[in-house]
Amino acid sequence: MLAKKEMPFTKYPAIVELEKRHGVSLGSTYGTEHKCQEFTNTFGDCLQDDTLDEIRASRFVTVSLDGSTDSSVQEKEMIYVTFINADGHPKCKFFCLADCSDATSIGIQTLLMERCAI
């Protein structure tokens with residue numbers, strides 16, 4: 001929920017406490033913001049793996065990138081992939097936000113090969 005609503009992980013412990021007040025038995029092991037971050041990263045990895053499987057099954061794929069520099073002056077690339085799904089319909093998905101050490105064509109190609117491994 002936090003990731004989908006773009007809420008900070010620091011809100012997670014308060015949400016856990018609220019759910020406990022509602023009678024939900026959550027225990028104490030997974031109620032920290034660190035665990036929330038782990039859950040979110042794991043879900044993201046699973047979604048990315050599913051997207052990779054869809055891409056690999058497609059005969060037609062195109063990649064779009066949008067680069068920007070963040071506040072720490074690190075080049076970031078948003079990677080979107082458009083492909084034809086198993087039903088024969090075009091589908092565009094956000095794939096990832098990746099650090100790019102070299103924003104030249106060679107650097108971006110290297111980034112794509114590392115991240116997408118298609």
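I am working with a predicted model.

**Helix 2.** I checked its length first. Helix 2 covers residues 33-57, and its 25 residues should span 36 Å at 1.5 Å a residue. I found its end C-alpha atoms 36 Å apart, which agrees. Next I looked for its buried residues. They are Cys36, Gln48, Thr51, Leu52 and Ile55. What covers them includes helix 1, helix 3 and strands 1, 2 and 3.

**Strands 2 and 3.** I looked up how these two pair. They run in the antiparallel sense, over 9 bridges. Ile79 stands opposite Cys96 in strand 3. The hairpin has 5 residues between the strands, and Gly88 takes a positive phi near 85° there.

**Surface patch.** I noted a nonpolar patch formed by Tyr30, Phe39 and Phe43, with about 320 Å² of accessible area together. Tyr30 sits in the loop between helix 1 and helix 2. Its relative accessible area is 45%, so I list Tyr30 as partly exposed.

**Salt bridges.** How many salt bridges does a search of the whole structure find? I get 5. One joins Glu17 and Lys20, with the closest N and O atoms 3.9 Å apart. Both lie in helix 1, 3 residues apart, about one turn of the helix.

Lys93 and Glu54 meet at 2.7 Å, N to O. Lys93 is in strand 3 and Glu54 in helix 2, so this pair ties together parts 39 residues apart in sequence. Glu54, Lys91 and Lys93 are linked in a network of salt bridges.

I also logged Lys76 and Asp99, at 2.4 Å, N to O. Lys76 lies in strand 2 and Asp99 in strand 3, so the pair ties together parts 23 residues apart in sequence. Asp99 counts as partly exposed, at 46% relative accessibility.

Note on methods. Residues numbered from 1 in each chain as written. Predicted model: local features only at pLDDT ≥ 70, side-chain atom pairs only at ≥ 80, totals over all residues. Heavy atoms only, no water. Helix = DSSP H or I, 4+ residues; strand = E, 2+ residues; numbered from the N terminus. Expected span 1.5 Å × (residues − 1). Buried < 20%, exposed > 50% of the residue type's maximum accessible area, 1.4 Å probe, protein only. Contact = heavy atoms within 4.5 Å. Pairing = 2+ DSSP bridges. Patch = residues over 30% accessible without salt bridge, like charges linked within 9 Å, V, L, I, M, F, W, Y side chains within 5 Å. Areas by Shrake-Rupley, 256 points an atom, 1.4 Å probe, with all protein chains shown as cover. Salt bridge = Lys/Arg side-chain N within 4 Å of Asp/Glu carboxyl O.
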